[in-house]
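The sequence and coordinates come first.

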Amino acid sequence: MRVERLLWDESGNRRVPAESAFDRAVSRLRRGELERICELNRYGPIYFIPTRPFLRALARKIGKRKVLEVAAGDGHLARELARHGVRIVATDSGKWDKPQARMNAAEKRALRGKRVAGLRLGENVMRIEAVQAIRKFKPDLVLACWLPPGPLLGCVIRAAPAVLEIGAGSGITGDIRCWRYEHEFLEPLDALGRCRLDERPARKLHTRVTLYAR
């Protein structure tokens with residue numbers, strides 16, 4: 001099955017792929033093709049790809065806690081967790097509505113004149129800055145998935161009682177300096193998630209899940 005059919009339905013709505021089907025499909029792609037599909041498709045960029053086992057395991061880990069997701073983007077992760085019984089509110093600043101906002105200078109030059117989709121917020125996503133959302137909703141747990149490298153993760157950790165970060169390692173997502181805060185690596189979850197970097201899942205997976213407590 002084509003990777004695109006695993007990720008979207010005919011209307012462009014995100015799907016949750018079966019882990020085995022996704023792994024088989026991406027392993028047949030040329031190097032770099034998965035990231036190209038996730039970045040340059042007509043619907044909007046994809047960074048993290050939750051599988052069914054990942055969603056079940058994450059929902060169990062969250063339990064009955066009230067969750068706020070920041071930088072939720074298209075709202076796919078929050079929407080699927082809600083289907084697993086998680087009480088969750090999804091929020092995003094909306095700064096990546098325009099595709100140029102997520103590009104560096106080299107990417108802007110390379111993609112000049114090409115049609116690139118912006119990150120359109122999902123219908124379940126409230127437009128509000130991350131720290132403002134934490135103060136407004138007072139969650140038990142903040143979910144932060146694929147935050148861009150830089151200070152945002154640290155700001156979220158300092159504002160929230162607990163933060164569950166889903167990322168792909170320092171330099172790609174988040175900030176390694178945040179390891180100075182009390183944290184726990186949730187390695188059983190790492191093996192269940194997929195992301196745009198996992199073009200050879202049998203050899204290497206990139207998802208890293210970390211729970212921070214202030």
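Does Leu 6 count as buried or exposed? At 9% relative accessibility, Leu 6 counts as buried, where buried means under 20% relative accessible area, exposed over 50% and partly exposed in between, with a 1.4 Å probe and protein chains only. The model is predicted, so local features need pLDDT of at least 70 and side-chain atom pairs count only at pLDDT 80 or more, while totals for chains, interfaces and linings use all residues. Residues are numbered from 1 along each chain as its sequence is written, and side-chain values use heavy atoms, with hydrogens and water left out.

Leu 6 belongs to helix α1; helices (H or I, at least four residues) and strands (E, at least two) are DSSP runs numbered from the N terminus. Its C-alpha lies 8.0 Å from that of Ala 21, 15 residues away in sequence. Ala 21 is one of the buried residues of helix α2 (residues 19-27), along with Phe 22, Asp 23, Ala 25 and Val 26. These buried residues of α2 pack against α1 (3-7), α3 (33-40), β1 (48-49) and β8 (194-195), contact meaning heavy atoms within 4.5 Å.

Asp 23, in helix α2, counts as buried at 18% relative accessibility. Apart from neighbours within four places in sequence, Asp 23 is in contact with Arg 194 and Pro 201. Ile 37 is in helix α3. With the same exclusion of neighbours within four places in sequence, Ile 37 is in contact with Val 3, Glu 4, Trp 8 and Leu 29.

Arg 200 sits in the loop between β8 and β9 (208-213). The C-alpha atoms of Arg 200 and Ser 27 are 5.3 Å apart, although the two are 173 residues apart in sequence. Beyond neighbours within four places in sequence, the contacts of Arg 200 are Val 26, Ser 27, Leu 29, Arg 30 and Arg 31.

**Accessibility of single residues**

| Residue | Relative accessibility | Class |
|---|---|---|
| Ile 37 | 4% | buried |
| Arg 200 | 17% | buried |
| Ala 71 | 30% | partly exposed |
| Lys 138 | 61% | exposed |

**Helices α4 and α5**

How do α4 and α5 lie relative to each other, and at what angle do they pack? Helix α4 (residues 52-62) and α5 pack at an angle of about 75°, with their axes 10 Å apart; axes are lines fitted to C-alpha atoms, for helices over the stretch in contact, and angles run from 0 to 180 degrees between N-to-C directions. The two helices are therefore roughly perpendicular to each other, since angles under 35 degrees count as roughly parallel, over 145 as roughly antiparallel, 65 to 115 as roughly perpendicular and the rest as oblique. Leu 55, Leu 58, Ala 59 and Ile 62 of α4 meet Leu 77, Glu 80 and Leu 81 of α5. By class, this contact has six nonpolar, no polar and one charged residues; Ala, Val, Leu, Ile, Met, Phe, Trp, Tyr, Cys and Pro count as nonpolar, Asp, Glu, Lys and Arg as charged, and the others, Gly among them, as polar.

The buried residues of α4 are Phe 54, Leu 55, Ala 57, Leu 58, Ala 59 and Ile 62. In α5 they are His 76, Leu 77, Ala 78, Glu 80 and Leu 81, and this set packs against α4, β2, β3, β5 and β6 (162-167). Gly 63, with a positive phi near 65°, follows α4, and Gly 85, with a positive phi of about 90°, comes just after α5.

**Loops with positive phi**

Most residues other than glycine have a negative phi. Ala 71, in the loop between β2 and α5, has a positive phi of about 50° although it is not a glycine. Lys 138, in the loop between α7 and β5 (141-145), is likewise not a glycine and has a positive phi of about 50°.

**The largest pocket**

The lining of the largest pocket has 31 residues, and Ala 71, Ala 72, Gly 73, Asp 92 and Trp 146 lie nearest its centre. Two or more lining residues come from each of β2 (67-70), α5 (76-83), β3 (88-92) and α7 (130-137). The lining divides into 20 nonpolar, five polar and six charged residues. A pocket here is an open set of points on a 1 Å grid over the protein atoms alone where a 1.4 Å probe fits, with protein on both sides within 12 Å along at least five of seven lines, and lining residues have an atom within 4 Å of a point.
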